[in-house]
Amino acid sequence: MRIKIAGTGSYAPEHVVTNEDLAGIVDTSDEWIKSRTGISQRRISDGIGTSGMAVKASERALANAGMKAEEIQLILLATSTPDCHFPSGACQVQGELGAVHAAAYDISAACSGFLFALNTAYSFIISGFYRNVLVIGADCLSKVVDWSDRSTCVLFGDGAGAAVVTGEAGGQGGDFGKPCVEQGSGCVPGASGILHMIMGADGWKGPVLSCESRTVGNFLTGTKPEMGYLSMDGQEVFKFAVKKMPEVIEQLLEESGMKLEQVKYLVLHQANYRISESIAKRLKISMERIPMNISRYGNTSAGSVPLLLDELNREGKLKEGDLLVLAGFGAGLTWGAALIRW
Ligand code: COA
């Protein structure tokens, strides 16, 4: 069975906020932001919500896959900033798209969310449960960022990316129920599509990157619930990312029996240019194999990996047979990675 990404799409709000714009709000500068993060500008919602962005990205992914919404059997929306507590963002997307045959639910794994959702789609397809799954990563972090906190507000932007994931019976890689990578035996030779995936979490480190939701005890205290803001220990997150990402990528390749030299691109979560540079250094590879778009979008959380993947796809940079590693990390703390033969 071949489980492949049949189409990609993305969307970011039109409203551009530059570093100079932020320097008018908090004590920062274009020079500081660019040199510490690689970010020049970000897109910020001018009214569109998480589900609205997800719908636009999904429409583009469906068009790219040549598929109708009615053919989708499951919609997974990875987000930590849904527009409401309920209904889920995925159900809102389903309604807007007219995906009448689809089940739909959200997945919360912050910036690793798209990879968690992709893994979930893969598992449903390999088990024979569904054939066509729409996987979306979308976040509107501008809603939860404290715009008076210079240490966090300069980092994030809003955006969404989507992928149509489909299963084809037969071909290399076995049939239903048979993943391309079997424990200890590497990847089935000649297999294509999604070859292997890894997910992980470390809940003990949750406080280093968090956003409190409603305060508890509303009934007993009689207080009106307040929304929390994103808070972060930037240096801890930085240290975690530059250690964990190379480890995860090496584990993914080792379990698949593949070598880093065979991989064309590492499509990494766009959190900070310097984090990606450190990952490149630790893996001893050139930044040419780590495409970046953080300068234009900032960190779009669950939207970041699929947004970058879609740009590469549309620019014609992904050729059939190319080996890609997708990898991300985020609050939780969480991490995920996928090995894909395009
Ligand atoms: N503009 C100007 N100065 C700023 C600033 C800003 N926007 N933000 C912080 N500073 C100041 C700090 O107050 C500090 O000043 P001090 O030396 O007088 O105390 C100085 O810059 C250095 O701060 P520091 O936190 O040590 O900077 P850093 O090099 O670690 O960079 C981050 C900060 C946030 C860019 C970096 O830690 C990072 O990217 N971490 C990962 C965050 C991340 O990716 N989160 C999402 C994960 S999904």
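Author: Alanine 110 lies in the loop between strand β5 (103–107) and helix α5 (113–126); helices (H or I, at least four residues) and strands (E, at least two) are DSSP runs, numbered from the N terminus. This is a predicted model, in which local features need pLDDT of at least 70 and side-chain atom pairs count only at pLDDT 80 or more, while totals for chains, interfaces and linings use all residues. Residues are numbered from 1 along each chain as its sequence is written, and side-chain values use heavy atoms, with hydrogens and water left out.

Most residues other than glycine have a negative phi, and most peptide bonds are trans. Alanine 110, however, has a positive phi, near 50°. Alanine 110 is buried, since its relative accessible area is 10%; buried means under 20%, exposed over 50% and partly exposed in between, with a 1.4 Å probe and protein chains only. Lysine 284 also has a positive phi, near 60°, but lysine 284 is exposed, at 74% relative accessibility.

Two peptide bonds deserve attention as well. The bond from phenylalanine 86 to proline 87 is cis, with omega near 0°, and proline 87 belongs to the loop between β4 (74–78) and α4 (89–97). The bond from glycine 332 to leucine 333 is likewise cis, with omega near -10°; leucine 333 sits in the loop between β14 (323–330) and β15 (334–341).

Lysine 284 leads on to the helices, for its loop runs between α9 and α10 (294–297). Helix α8 (residues 234–256) packs against helix α9 (residues 273–283) at an angle of about 45°, with the axes 9 Å apart. The axes are lines fitted to C-alpha atoms, for helices over the stretch in contact, and angles run from 0 to 180 degrees between N-to-C directions. That angle makes α8 oblique to α9, because angles under 35 degrees count as roughly parallel, over 145 as roughly antiparallel, 65 to 115 as roughly perpendicular and the rest as oblique. Among the residues of α8 that meet α9 in contact (heavy atoms within 4.5 Å) are Phe238 and Ile249, and those in α9 include Ile275 and Leu283.

Finally, there are five aromatic pairs, a pair being rings of Phe, Tyr and Trp (its six-membered ring) with centres within 6.5 Å; planes under 30 degrees apart count as stacked, over 60 as edge-to-face and the rest as tilted. One of them, phenylalanine 124 with phenylalanine 129, is tilted, at 5.7 Å centre to centre and 50° between the planes.
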